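Please look at the sequence and the three-dimensional model shown here, and keep both in view while reading this briefing.

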Amino acid sequence: MVDPNQVAGLEACAANDSPDGCLYGTGLYKTGESAASVDDTFRGPTGTLEVPQRFLMGPGPGNANPRILAAQTLPLLGHMHPPFLAIMDEIQAGLRYLFQTSSNYTLLASGTGHAGMEMAVANLLEPGDTVLVGVNGIWGERVADMAERFGAKVVALHTEAGTALSLADLTAAVELHRPALLFLTQGESSTGVRQSLAGVGELCRRNGALLLVDAVASLGGVPLFADAWQIDAVYSGSQKCLSAPPGAAPLMLNERAMAKVRGRSSKVRSYYFDLLLVGDYWGWYGSRSYHHTGMVSMWYAVREALAIVSEEGLEAGWARHDAAHRQLWEGLIQLGLEPFVAEERDRLATVNTIKVPAGVDWAALCKHAMDVYAVEVSGGLGPTAGKVWRVGLMGYNAKPANVELVLAAFRSGLALQGFTGGVSAAAASA
Ligand SMILES: *Cc1c(COP(=O)(O)O)cnc(C)c1O
């Protein structure tokens, strides 16, 4: 309730040039600090926010499913209220389905995909551990950087951008270096490569290593079976194939990975990401305690995203992504464009890399797509910068109409630059 005396005091203050005259009677400065005048230089913003509608067909974020955005407008609950804890339980169950695991240890890290990455690295590596990092794009490079910061000895296993690591090379490297952990990126979104995980889990078991997989750009879009493939830890992100806004990172650890966490001889060097603490908020150890406030509306979004995944079914979702990928390439090849990833089996359905033909200005095409079609098509990243376009077909966006729109943007953008792809101009414009 507003105290009328206080309001009167404030009005008197506003009319008074000397702020010190306002020190008494309002309660605002009862702590003894002196009053200064408020600097209005940067006052604002004001008015209701408006943003343009765009088709986010780059490597992420993709467009959010409207049903997920609607879930975020539901009223907040307290982060320890039983109805909210029940939502967290639903999320954990939905994540078990999504990761195809029976592990008790699933949660959402508070943050984007990098939060899942950093949580995994911080907890699964101790200073002095050797980590073997598969590098075929920027994600391996980042994990190597993070692992080094947490005191691990990093051995990088490189393969050319646009190719996947072979099981033979992985086997030789694991047997030589005997790492505590092997890291691979299932969907390398900087190069458009889908890394096969066939045989990798077994290789790690035989050699006493943990297997950590980055599935940020692939989870929900291409098959992943954490238990059957013996993946010990895997993380993802909310804004790619789950079609939620960015801000939550699904994470799973199995018993082997948890044994490592429990058996650490040193504390995890990150408080915020310590799984012994965060896991206790998610009920991993049989109780619940506050660690940091659950990201209430964000968790609603992921709950809804997981419901959408469950209603469609994983196999139907994977098939839908594959169909969109095929539709895209059929159209791109007709336009005379070529895939950056030479081997068909290594092409990632969810993030497609397209070679920029000689003489074509990739950035001008992106600008055209945005200006005329409100379609985001991205350029390359890291090793592919300037060499490719990247088209994301993820979650809600992996559907025929969106693919057609991307193809229309390429068709007209290339025509404007006089590129006919070796096809006659008449055929190209047909
Ligand atoms: C997008 C992406 C990330 C990083 O996710 P952020 O949400 O940007 O933190 C990590 N790995 C892969 C493979 C990605 O595609």
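Leaving aside residues up to four places away in sequence, arginine 390 touches Gly58, Pro59, Gly192, Val351, Asn352, Thr353, Ser378 and Gly380. The model in which these contacts are found is a predicted one. Arginine 390 is located in strand 14, which covers residues 388–392.

**Arginine 390**

- In UniProt, an unreviewed entry lists Arg390 under "binding site".

**Lysine 240**

- An unreviewed UniProt entry also gives Lys240, under the heading "modified residue: N6-(pyridoxal phosphate)lysine".
- Where does lysine 240 lie? Lysine 240 is found in the loop that runs between strand 9 (233–235) and strand 10 (248–253).
- Lysine 240 counts as buried, because 29 C-beta neighbours lie inside 10 Å and the cut-off for this class is 20 or more.
- When residues up to four places away in sequence are not counted, lysine 240 touches Gly60, Gly62, Val216, Ala217, Met394 and Gly395.

**Helix 3 and helix 10**

- Two packed helices are described by the angle between their axes and the distance between the axes.
- For helix 3 (residues 82–99) and helix 10 (residues 296–312), the axes come within 9 Å and cross at roughly 40°. Helix 3 is therefore oblique to helix 10, since an angle under 35 degrees would count as roughly parallel and one of 65 to 115 as roughly perpendicular.
- The crossing in which helix 3 passes helix 10 is left-handed.
- On the side of helix 3, the contact is made by Phe84, Ile87, Met88, Glu90, Ile91, Gly94, Leu95, Tyr97 and Leu98, while helix 10 contributes Val296, Trp299, Tyr300, Val302, Arg303, Leu306, Val309 and Ser310.
- Sorted by class, the contact of helix 3 with helix 10 has 13 nonpolar residues, together with two polar and two charged ones.

**The chain as a whole**

- The chain has 14 helices and 14 strands, and its C-alpha atoms fill a box of roughly 80 × 60 × 40 Å when this is taken along the principal axes.
- Among the contacts between residues at least 6 apart in sequence, 72% join residues that are at least 24 apart.

Notes:
Residues numbered from 1 in each chain as written. Predicted model: local features only at pLDDT ≥ 70, side-chain atom pairs only at ≥ 80, totals over all residues. Axes fitted to C-alpha atoms, helices over the stretch in contact; angles between N-to-C directions. Helix = DSSP H or I, 4+ residues; strand = E, 2+ residues; numbered from the N terminus. Parallel < 35°, antiparallel > 145°, perpendicular 65-115°, else oblique. Left-handed = near helix turned anticlockwise from the far one by under 90°. Contact = placed C-beta atoms within 7 Å. Nonpolar A, V, L, I, M, F, W, Y, C, P; charged D, E, K, R; others polar. UniProt positions renumbered as here; feature names shortened; annotations may be inferred. Buried ≥ 20, exposed ≤ 12 C-beta atoms within 10 Å, placed from the backbone.
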